[in-house]
Amino acid sequence: DDPDAPIEHVAAASALVVGWAFLQVRIATSLEASVTQQRASAQRAGSRVRALAGRGPCLVYSEASFPIVGYAAGCRAAPTGNVVRAWPGRAARLERDGVRPFLVLHRTEQPAVPEGVSPLAKIPSDGQASWFIYGTG
C-alpha cells in the first residue's frame, strides 16, 4: 500500500471542489448581471408610465416584472393575466373610478394594439425586447 495515496485523493477531491465552486460563482455572476439589466429596464418602463400618468392614481398591468414596473410608476400593479381580452371594459371601469389604466407588454416586436387602447411609448429593454406601453389615450 502506498502511504501517500490518501493525500493524493484529498488533493484531487479538493481541486474538484474548487473548480466546481469557481464554476458556480461564474454562473451566479452572469445571472445577477442579467437580472440587474432586466430590473433596470423595468424601472425605466415604470418611470415612463409615471410621466404619462401625471399625478393621478393609476394601475399598471404588466406581463413581465409587474411589481417593479408598478413600483417605479408609483401605481398599483398586477400581472396581465386575461386583461388583454377584457381590456375595453376593464379600462372603462377603472377610468370611471378615477384610475388611469396602463397595459405594459414586454415583447421583441410590437404586438397588435388591443381594442380600446392607444400606443403611448416604446422603451428599449435588454436584448431585442422592448416595453410597449399602452393606455386609453
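Me: How many salt bridges does the structure hold?
Reply: It holds 1. This is a predicted model, where local features need pLDDT of at least 70 and side-chain atom pairs count only at pLDDT 80 or more, while totals for chains, interfaces and linings use all residues. Residues are numbered from 1 along each chain as its sequence is written, and side-chain values use heavy atoms, leaving out hydrogens and water.

Me: What makes Glu63 and Arg107 a salt bridge?
Reply: The rule asks for a side-chain nitrogen of Lys or Arg within 4 Å of a carboxyl oxygen of Asp or Glu. The closest N and O atoms of Glu63 and Arg107 are 2.7 Å apart, so the pair passes.

Me: Which parts does that pair tie together?
Reply: Glu63 sits in the loop between S1 and H2 and Arg107 in strand S3, so parts 44 residues apart in sequence get linked. Those labels are DSSP runs numbered from the N terminus: helices are H or I with at least four residues, strands are E with at least two.

Me: Why is Glu63 called partly exposed?
Reply: Buried means under 20% relative accessible area, exposed means over 50%, and partly exposed is in between (1.4 Å probe, protein chains only). Glu63 has 31%, so partly exposed it is. Arg107 gets that label too, with 32% relative accessibility.

Me: And why does Val99 count as buried?
Reply: Val99 has 11% relative accessibility, so it counts as buried. You'll find Val99 in the loop between H3 and S3.

Me: What does Val99 touch?
Reply: Leaving out residues up to four places away in sequence, Val99 touches Pro57, Cys58, Leu59, Arg76 and Leu94. Contact here means heavy atoms within 4.5 Å.

Me: Why is Thr80 called buried?
Reply: Its relative accessibility is 12%, so Thr80 goes in the buried class. Thr80 lies in the loop between S2 and H3. Again leaving out residues up to four places away in sequence, Thr80 has contacts that include Tyr61, Glu63 and Leu105.

Me: How do you know which side of H3 its buried residues are on?
Reply: The buried residues of helix H3 (residues 87-96) are Trp87, Ala91 and Leu94. They cover an arc of only 65 degrees around the axis, so they're on the same side of H3. That arc is taken from the directions from the helix axis to the C-beta atoms. What covers them includes strands S1 (58-62), S2 (76-79) and S3 (100-107).

Me: What about the buried residues of H2?
Reply: In helix H2 (residues 66-73) they are Val69, Gly70 and Ala73. Their arc is 95 degrees seen down the axis, so they line one face of H2.

Me: What makes Tyr61 and Trp87 an edge-to-face pair?
Reply: Rings of Phe, Tyr and Trp (its six-membered ring) pair if their centres lie within 6.5 Å; planes under 30 degrees apart count as stacked, over 60 as edge-to-face and the rest as tilted. By this rule there is 1 aromatic pair. Its centres, those of Tyr61 and Trp87, are 6.3 Å apart and the planes stand at 85 degrees, so edge-to-face is the name. Tyr61 is in strand S1 and Trp87 in helix H3, so this pair joins parts 26 residues apart in sequence. Both are buried: Tyr61 has 6% relative accessibility, and Trp87 has a relative accessible area of 0%.

Me: Why is one side of S2 and of S4 left without a neighbour in the sheet?
Reply: The 5 strands make an open sheet in the order S2-S1-S3-S5-S4, with mixed pairing. S2 and strand S4 (118-124) are at the edges with a single partner strand each, so one side of each has no neighbour. The twist averages 25 degrees from one strand to the next. Angles run from 0 to 180 degrees between N-to-C directions, with axes fitted to C-alpha atoms, for helices over the stretch in contact.

Me: In which sense does S3 pair with S1, and in which with S5?
Reply: Two strands pair if DSSP finds at least two bridges between them. S1 and S3 have 5 bridges in the parallel sense, while S3 and strand S5 (residues 130-135) have 6 in the antiparallel sense. So both count as paired.
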